[in-house]
Structure formats: structure tokens, C-alpha cells
Amino acid sequence: MDEISKYAELTDEEYKNIKNVSAKYRFAITPYYFSLIDFDNPLCPIKLQSIPNINEFEEFGQLDPMKEEQTNPSGKITRRYPNKLIINVTNACPMYCRHCQRRRLIGNVDEHTSKKDIDESIDFIKNNPTIREVLVTGGDALLLPNNKLEYIFNELSNIDHVEVIRIGTRTLATLPFRIDDELASLLRKYKVQVSTQFNHACEITPEAVNAIDILVDHGVLVRNQMVLLHNINDDKHCIQKTNEELQKYRVIPYYIFHPKDIKCTKHFQVDISKGLEIMKHLEERTSGMCKPTYVYNSPLSLGKVPLVPIENIEYDENGYKFTTWENKEIKKC
């Protein structure tokens with residue numbers, strides 16, 4: 001808090017609230033991401049995602065609504081599907097998002113997963129030939145040094161039935177300087193696909209675009225998975241602009257996640273009707289390449305459910321009736 005106060009004018013109440021919340025729920029932010037905050041705007045999307053908020057003391061939700069702890073067969077694996085799984089390789093992040101779905105893992109110390117747990121995870125994958133896709137995440141997986149990343153990628157690449165390796169990272173938005181030619185070459189070498197998270201167009205800065213360019217120019221596939229968040233991006237024009245910017249800079253808009261019922265995140269919650277309204281707007285106003293899939297991640301490890309507006313489809317004994325984006329009707333027997 002003392003460091004923040006050097007660069008931002010805070011009221012006594014703001015100082016007190018941030019200090020009290022961060023004492024209970026860990027707070028960290030990169031100087032880069034902090035520099036993007038407009039402290040004169042109470043609804044600054046960067047601020048709301050990164051600075052502790054007194055609303056985090058509201059009793060709401062669960063620490064682990066997805067029951068990830070109960071879907072760990074070995075090492076540091078989360079497995080909710082038969083043919084893909086997650087390896088959690090660190091609890092560290094450049095910035096601890098206030099809406100984080102794994103805030104239970106943040107703790108008080110940054111810790112990378114031990115080699116023993118990594119090896120146990122890899123052995124489990126070797127012994128389960130149904131697994132074709134592995135997501136290396138955390139925390140933020142790109143906080144591991146390149147040599148540790150290469151060890152993991154190399155081990156996974158030597159498993160015949162593993163066809164796809166992905167890495168989960170928010171560094172493109174919060175620490176874009178992590179992305180350089182050496183890292184991009186490493187990802188390209190092992191054909192690792194990148195899943196990132198931009199939640200608002202204001203995060204797509206020249207520095208972020210440079211990081212994207214480095215990856216894409218090296219032939220690395222980059223997809224975006226945004227989270228729908230109240231007062232940050234729960235607006236149809238905001239979502240459209242963000243996804244069009246992503247497409248412009250060669251990032252594939254992949255998912256819009258409905259916010260999970262994570263403890264202390266009630267102030268970020270959005271009604272599903274708002275998400276459906278946004279998707280209906282995208283259907284009418286932007287190209288197919290700018291339309292991610294809106295998904296609800298079911299609690300209790302029951303998986304993702306795509307959510308789509310259905311007002312434009314009717315069915316009876318005579319067949320289907322479709323309504324176009326211009327409200328014109330088409331019949332299909």
C-alpha cells in the first residue's frame with residue numbers, strides 16, 4: 001500500500017479498505033499493469049480487476065465450486081474430461097486478478113510445483129492413453145523459467161497419445177515483456193498453443209500487441225478466453241470492441257466464461273440473461289471470427305455448457321423456422 005501511495009492519490013478510506021482486504025486476500029500487481037490504471041475513474045476496468053475491493057468481504061460462493069481438489073488423480077492434475085486434463089505447475093501469477101477462479105491456491109508464498117509432482121503428473125498421462133490434450137497452467141505457467149517449461153513440454157511431446165499441448169497465461173495482458181523470441185521459439189518447437197485472457201479492449205496496449213506479434217509471427221496459435229464481469233465488460237459494445245481488436249491482432253476469440261461462483265466475487269457476478277443479450281448482439285453486428293462461445297462452467301466438475309440465444313429458432317411438426325439478424329423469417333422443412 002505504501003508503494004501504491006507513491007503513485008496514486010488515495011483517500012484515507014480507500015487506503016484502509018485496500019489494506020484490510022489485501023491483508024486477508026493476497027494482492028500483487030506488475031508495475032506495467034498498475035501503470036494502466038485510471039484512478040480518476042471509479043469504474044476503470046484495470047483497477048477493478050487488480051486492486052482489492054471492500055466487496056470481497058461479502059460472504060458469497062465457494063473457494064472451489066468446480067471441485068478441482070476432488071478431480072486430482074495424481075501429482076498436480078485436474079481431470080474433468082476423459083480425453084484432456086490440466087497440470088497446475090505453479091500458484092504464482094504476475095498479477096492476482098480479483099476474480100481469480102483459483103484464489104484458494106494463491107496462499108502467502110509463490111511456489112512452483114515440485115519436479116516430483118510434475119513427474120507424477122506426466123507418469124499418469126503416460127499410463128492413460130485416452131488423454132490427447134494437456135493444458136499446462138497454474139497460476140500462470142509462463143512464470144516458470146524456460147528450462148523448466150522445456151522439460152515439461154519435452155516429456156509431454158514424447159508421449160505418443162498426447163496430440164495437443166496448451167499453456168494458460170495472462171502475461172500477454174499483465175506482463176507482456178515476458179514474451180520474447182526465445183520463449184516464442186520454445187513454444188513453436190513443441191507446437192504449444194497459447195490460451196490467454198484479455199477481458200477488455202483497454203488491456204490491448206501496444207506492449208500487449210507486440211507480445212502477440214512475437215508469438216504469432218513465430219507460428220504460435222493464440223486463443224483468448226475472457227470472463228464476463230460486472231462493471232468491467234458486461235456491455236455488448238465493450239465485448240464487440242474487445243473481440244474485434246483481438247481478431248485485428250490475430251488472436252482468436254475462443255470463450256466468454258460466465259463468472260464462476262468463487263468466494264468473495266459477488267460484485268463481479270452477471271445474470272445469464274445479460275450474457276445471452278451480448279451474444280445476440282454479436283450475432284447481428286460482427287463477423288463470425290469475432291464471436292466466442294459463451295459457456296457456463298458447471299459446478300461439481302460437470303463440465304462446460306455452451307449458452308446460446310434461441311429466439312431465432314422455432315420447431316414444430318412442419319419443420320424449422322429461422323429468424324435472421326434482420327428479423328426476416330426462413331422456413332426449413
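1. Let me start with a pair of helices. Helix H6 (residues 146-157) packs against helix H8 (residues 181-189), with the two axes 10 Å apart and an angle of about 5 degrees between them. Because angles under 35 degrees count as roughly parallel, H6 and H8 are roughly parallel to each other. On the H6 side the contact is made by Asn146, Leu149, Glu150 and Phe153, and on the H8 side by Glu182, Leu183, Leu186, Leu187 and Lys189. Sorted by class, this contact of H6 with H8 has five nonpolar, one polar and three charged residues. Please keep in mind throughout that this is a predicted model.

2. Helix H10 (residues 236-248) and helix H11 (residues 272-285) have axes 9 Å apart and pack at an angle of about 55 degrees. That angle makes H10 oblique to H11, and the crossing of the two is right-handed. If you want to display the contact, pick Lys236, His237, Ile239, Gln240 and Glu244 in H10, which meet Glu277, Ile278, His281, Leu282 and Arg285 in H11. Three of the residues in this contact of H10 with H11 are nonpolar, three are polar and four are charged.

3. Which residues does Ile278 contact, leaving aside its neighbours within four places in sequence? They are Leu228, Asn233, Asp234, Asp235, Lys236 and Ile239. Arg223 is 55 residues from Ile278 along the chain, and their C-alpha atoms are separated by 20 Å.

4. My next stop is Arg170, in the loop between strand E4 (164-168) and helix H7 (171-174). Is Arg170 buried or exposed? With a relative accessible area of 8%, Arg170 is buried, because the cut-off for buried is under 20%.

5. What does the side chain of Arg170 do there? It makes a polar contact of 2.9 Å with the side chain of Glu203, and another, of 3.4 Å, with the side chain of Tyr33. A polar atom of the Arg170 side chain also lies 2.5 Å from the backbone oxygen of Gln197.

6. Pro94 is 76 residues from Arg170 in sequence, yet their C-alpha atoms are 8.2 Å apart in space.

7. A peptide bond to check by eye: the one from Gly138 to Gly139 is cis, with omega near 25 degrees. Gly139 has its place in the loop between strand E3 (133-137) and H6, and H6 is the helix that packs against H8 in my opening point.

8. Asn231 is not a glycine, but its phi is positive, near 70 degrees. Asn231 sits in the loop between strand E6 (222-227) and H10 and is partly exposed, with a relative accessible area of 39%. Arg250, likewise not a glycine, has a positive phi of about 70 degrees. Arg250 is found in the loop between H10 and strand E7 (252-257). With a relative accessible area of 40%, Arg250 is partly exposed, since that class runs between 20% and 50%.

Note on methods:
Residues are numbered from 1 along each chain as its sequence is written. This is a predicted model: local features need pLDDT of at least 70, side-chain atom pairs count only at pLDDT 80 or more; totals for chains, interfaces and linings use all residues. Side-chain values use heavy atoms; hydrogens and water are left out. Helices (H or I, at least four residues) and strands (E, at least two) are DSSP runs, numbered from the N terminus. Buried means under 20% relative accessible area, exposed over 50%, partly exposed in between (1.4 Å probe, protein chains only). A polar contact is a pair of N or O atoms within 3.5 Å; within protein, one must be able to donate a hydrogen and the other to accept it, and residues adjacent in sequence count only if both atoms are side-chain atoms. Axes are lines fitted to C-alpha atoms, for helices over the stretch in contact, and angles run from 0 to 180 degrees between N-to-C directions. Angles under 35 degrees count as roughly parallel, over 145 as roughly antiparallel, 65 to 115 as roughly perpendicular and the rest as oblique. A crossing is left-handed if the near helix is turned anticlockwise from the far one by less than a right angle, and right-handed if clockwise. Contact means heavy atoms within 4.5 Å. Ala, Val, Leu, Ile, Met, Phe, Trp, Tyr, Cys and Pro count as nonpolar, Asp, Glu, Lys and Arg as charged, and the others, Gly among them, as polar.
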